[in-house]
Amino acid sequence: KMRYFYLVLVALLTVGCSSNQELVKEALNSVGDRPGWVMIPPAPEGDQLYFVGTSNLYATEQGARRDAKRDSIREMSEFVRVLNKNKWERVGVTYGMSAMAKMPTVSERNFEKVVSASTANFLRVQEMYFEREMDVAGVPGYKYFVLTSISKTDLDTALQSNALHNAQKAEEAVKEAKTDEAKEQWENARDFWKELAEDGFVR
């Protein structure tokens, strides 16, 4: 019986090793089969912008897909920030940096949330691709890649709408300001967002 137990144990270990080897092989093979857009996102085409998101390793496909889409939104957020960096700094200096500090959506962390919420109805998933990999503990999981697109018109409209909303909030704060200094700061914040809305974000 003891000998039988050892034979079964060896068989199970062998199957386990074989499965791990197959997963590694699958992952290595799939890397070579990656679509071109995974490594090089498509260039803007007409009114369309494209972004690629890559997920962390997840135990479920659902978790990996969601993370990949979130990452594509992070890429889009960074694109908008870089594109507008000089303009935002110029407008910020014009109206005072305190105007920017008064509006939490200017911060990098919150801006990503703003972009996500503002573009939820416009962002489109074009393609998905996944690979099977193992984490450091040898547990298999999914890594997803997603290609998303959004039109410049929709992206600009969404961000302009958010900027005008911030301008409206600042206008309300102007009316409730208790001191002349606070009133001036909120007036600057209002004008800051109005100018950004008028200039556009991805034109």
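This report looks at one helix pair and the salt bridges in a predicted model.

Local features here need pLDDT of at least 70, side-chain atom pairs count only at pLDDT 80 or more, and totals for chains, interfaces and linings use all residues. Residues are numbered from 1 along each chain as its sequence is written, and side-chain values use heavy atoms, with hydrogens and water left out.

Let's start with the helices (DSSP runs of H or I, at least four residues, numbered from the N terminus). The axes of H6 (residues 152-176) and H7 (residues 180-199) come within 8 Å and cross at roughly 160°; axes are lines fitted to C-alpha atoms over the stretch in contact, with angles from 0 to 180 degrees between N-to-C directions. H6 and H7 are therefore roughly antiparallel, the label for angles over 145 degrees.

On to salt bridges, meaning a side-chain nitrogen of Lys or Arg within 4 Å of a carboxyl oxygen of Asp or Glu. The whole structure has 10 of them, including these:

| Pair | Closest N and O atoms |
|---|---|
| Asp-67 and Arg-70 | 3.4 Å |
| Glu-133 and Lys-143 | 3.7 Å |
| Asp-191 and Arg-190 | 3.1 Å |

Asp-67 and Arg-70 sit 3 residues apart in helix H3 (residues 61-95), about one helical turn. Asp-67 is buried at 5% relative accessibility, while Arg-70 is partly exposed at 39%; buried means under 20% relative accessible area, exposed over 50%, and partly exposed in between (1.4 Å probe, protein chains only). Both residues also belong to a salt-bridge network with Asp-71 and Arg-74.

Conventions:
Helices (H or I, at least four residues) and strands (E, at least two) are DSSP runs, numbered from the N terminus. Angles under 35 degrees count as roughly parallel, over 145 as roughly antiparallel, 65 to 115 as roughly perpendicular and the rest as oblique.
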